[in-house]
Amino acid sequence: MPDTSSVRLVTVGATRASTILAMSRSVAILLNPASGKGRSAEYGPRLIDSFARRGVDASLLTGDSAEHAVELARHAVADGVDALIAAGGDGTVNTALQAVAETSTPLGIVSLGTGNDNATLLGLP
């Protein structure tokens with residue numbers, strides 16, 4: 001599991017993570033508490049604190065199902081969050097991608113799953 005005291009926002013696309021953090025006032029973190037064999041749930045508050053230390057207001061989104069999670073994420077994007085953060089495994093990244101597709105909202109990834117194939121393909125830690 002990652003040490004969230006030094007969370008690095010990594011984005012898919014051309015926008016640099018440091019630019020997003022500098023420009024962000026609010027982010028939504030889509031957290032799958034079942035990722036990483038259920039160990040990722042403890043990282044929600046730590047991620048919120050990590051963003052708060054950087055002056056970024058972060059809200060935590062957890063759905064009761066994949067459908068509910070994508071609905072929550074789409075609402076956050078529609079409401080104007082500066083970035084959507086997928087905190088979980090490959091399924092969470094897929095869900096978050098559905099929410100930001102065809103928008104200008106950047107996607108960040110915090111790998112908390114067991115396989116993390118997406119993160120590996122993107123060269124993320």
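Reader: How many strands form the open sheet, and in what order?

Author: First, the ground rules. This is a predicted model, where local features need pLDDT of at least 70, side-chain atom pairs count only at pLDDT 80 or more, and totals for chains, interfaces and linings use all residues. Residues are numbered from 1 along each chain as its sequence is written, and side-chain values use heavy atoms, with hydrogens and water left out.

Author: Now the general idea. Strands of a sheet pair through backbone hydrogen bonds, either parallel or antiparallel. Here 4 strands form an open sheet, ordered β2-β1-β3-β4, with parallel pairing. Strands (E, at least two residues) and helices (H or I, at least four) are DSSP runs, numbered from the N terminus. Two strands pair if DSSP finds at least two bridges between them.

Reader: Which strands stand at the edges?

Author: β2 (57–61) and β4 (107–111) do. Each has a single partner strand, so one side of each is left without a neighbour in the sheet.

Reader: Which residues stand opposite each other or are bridge partners?

Author: Take the pairs in turn. β1 and β2 are joined by 5 bridges, and Val27 stands opposite Ala58 in β2. β1 and β3 also pair over 5 bridges; Ile29 has Ile85 in β3 as its bridge partner. Another 5 bridges join β3 to β4, with Leu84 opposite Leu107 in β4. From β3 the chain crosses through α4 to β4, in a right-handed β-α-β crossover. Right-handed means that, with the strands pointing away from the viewer, the path from the first strand over the helix to the second runs clockwise.

Reader: What lines the second largest pocket?

Author: Rolling a probe the size of a water molecule over the atoms shows where empty space is left. On a 1 Å grid over the protein atoms alone, a pocket is an open set of points where a 1.4 Å probe fits, with protein on both sides within 12 Å along at least five of seven lines; lining residues have an atom within 4 Å of a point. The second largest pocket has 13 lining residues, with Asn32, Ser65, Ala66, Ala69 and Thr92 nearest its centre. α4 gives the largest share of this lining, 3 residues.
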